[in-house]
Amino acid sequence: MARILTLRHDQTLFRDIDVFEPTHVPEQLHHRDAQIRELVFLISPALQGASPMNAILRGPPGTGKTTTVRQIFHELTRTTRDVIPVYVDCRQDRTPLAVYRTIFEGIFDYTLPSTGRHPDDIKENIVARLREHRAALIFCLDDADYLIVAGTYNLLLYQILRLYEKWDVRKPGIVAVTSDLALNLYAEADASVRSVFHPTEITFWPYTKPEIRDILSDRVRQGLYPGVVPAPILDRIARITAREQDIRVGIDLVRSAALRAEKDGRRKVRAGDVTAAARAVTAPALSARLAALSEGERTLLSWIAEQSRDGGDMTAVFEDAQDYIAVGKTTYHEYLNALAKAGLVDLMPRAGRGQTVRLRYDPDEVNKACVFPNDDRSCIFDDPGPD
Ligand SMILES: Nc1ncnc2c1ncn2[C@@H]1O[C@H](COP(=O)(O)OP(=O)(O)OP(=O)(O)O)[C@@H](O)[C@H]1O
Ligand SMILES: [Mg+2]
């Protein structure tokens, strides 16, 4: 019996560990049908010889934006020559030269030597190929906010969107992506760009808990042998992931918890594996969120943590907070909004005074982390518990 429950040293729980890698492109993209339909609709004129429309994809980290684009681009490459899709990761490529090189390499499937080419030469090659195939270029600027920081966003959009004016090619389509919800990529474009840009915005909302469960359950099925993650354990992981609002946390948790079980020679993941994995996976998230706060914001967060220690939801009322943090009403609300923006609390309007505030993390751990903001060991926390 013991042999059935435990693993031999050469046995593994993983059917395919690669499906937990950040670079893995899932076979099936769950719960993004509406976004896929909309993006395909915007691109579709290019399949009929016309110019594609532009899109802005906006949603918090880990909501499937990049995966959606990659999947559609993959399908376009496989099925048509009327469209040439090119994916640009703006974290890597921030200058016009770097972006043109990536477009060139996407079109010609050939790596340019690292020096000695002028952006105009590269552009001419790109245009020649587009003309030759009578194809439309659709290109994705993923994490386009990096171009704004680099000061190249407007220049690039201007040059690419207006390629057709000088070169007699079909007008390219742009898919600009950002995870910064405060940023309006259309408003960031200057007037000369806006007159040819006209994007449709597609929103990627954070996944709900049942959606997270579906996505994780599929990944578990592909990556692990049957029965390794029992249903209540998957629920627990989905709960922690929903709190973090990033599906990557869930994928990482499944992998780390299964590795822990495997290391102990067990065939099943236990709650303790998830708790230990959550410390490693989510502690840095709390630390990072706290590190970005001002001292005043951190003081207000400590007060909220103390208030919420005895229960879940609580009400933050400006007057009540005065003994703890003596700031004006405007500053108080600015602090509260900053905490919500940092993903530390959820704010819900409430009839009468104040707002209902829900702390996303364990109050004791938040307090410890507020006192020792640079000490990762202070950020130990667990399952948020049932709803
Ligand atoms: N709907 C989904 N179905 C299956 N896997 C998904 C889904 N959404 C996201 N994933 C997985 O989650 C991970 C993160 O997704 P993705 O990179 O697309 O997020 P993102 O919105 O682009 O995040 P960021 O803003 O941080 O770049 C990927 O590994 C992807 O495989
Ligand atoms: Mg992305």
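This is a predicted model: local features need pLDDT of at least 70, side-chain atom pairs count only at pLDDT 80 or more; totals for chains, interfaces and linings use all residues.

Visitor: OK, which side chain does the side chain of Asp264 make a polar contact with?
Guide: That of Arg266, at 3.0 Å.

Visitor: And where is Asp264 found?
Guide: In the loop between helix H12 (247-263) and H13. Helices are DSSP runs (H or I, at least four residues), numbered from the N terminus. The C-alpha atom of Asp264 is also 9.8 Å from that of His9, although 255 residues separate the two along the chain.

Visitor: Switching topic: what domains does the assignment give?
Guide: Domain 1 (33-203), domain 2 (207-289) and domain 3 (292-378). Those bounds come from an automatic or database domain assignment. Eight residues from domain 2 and ten residues from domain 3 make up the contact, meaning heavy atoms within 4.5 Å.

Visitor: How much area do domain 2 and domain 3 bury between them?
Guide: About 920 Å², with 49% of it on carbon and sulfur atoms. Buried area is the accessible area (1.4 Å probe) that two parts lose on being put together, summed over both. On the domain 2 side, Arg243, Leu286 and Arg289 lose the most area to domain 3, together 69% of what that side buries.

Visitor: How many salt bridges across that interface?
Guide: Zero by the rule, which asks for a side-chain nitrogen of Lys or Arg within 4 Å of a carboxyl oxygen of Asp or Glu. There are five residue pairs in polar contact between domain 2 and domain 3, though (both at pLDDT 80 or more).

Visitor: Last one, ligand 1. Which residues are the closest?
Guide: His30, Lys65, Thr66, Thr67 and Tyr207, out of 20 residues that surround ligand 1, each with a heavy atom within 4 Å of it. A polar backbone atom of His30 is 2.7 Å from a nitrogen atom of ligand 1. Oxygen atoms are involved too: one lies 2.9 Å from a polar side-chain atom of Arg219, and a backbone N or O atom of Gly64 is 3.1 Å from an oxygen atom of the ligand.

Definitions and conventions. Residues are numbered from 1 along each chain as its sequence is written. Chains are lettered from A and ligands numbered from 1 in the order in which they are written. Side-chain values use heavy atoms; hydrogens and water are left out. A polar contact is a pair of N or O atoms within 3.5 Å; within protein, one must be able to donate a hydrogen and the other to accept it, and residues adjacent in sequence count only if both atoms are side-chain atoms. Helices (H or I, at least four residues) and strands (E, at least two) are DSSP runs, numbered from the N terminus.
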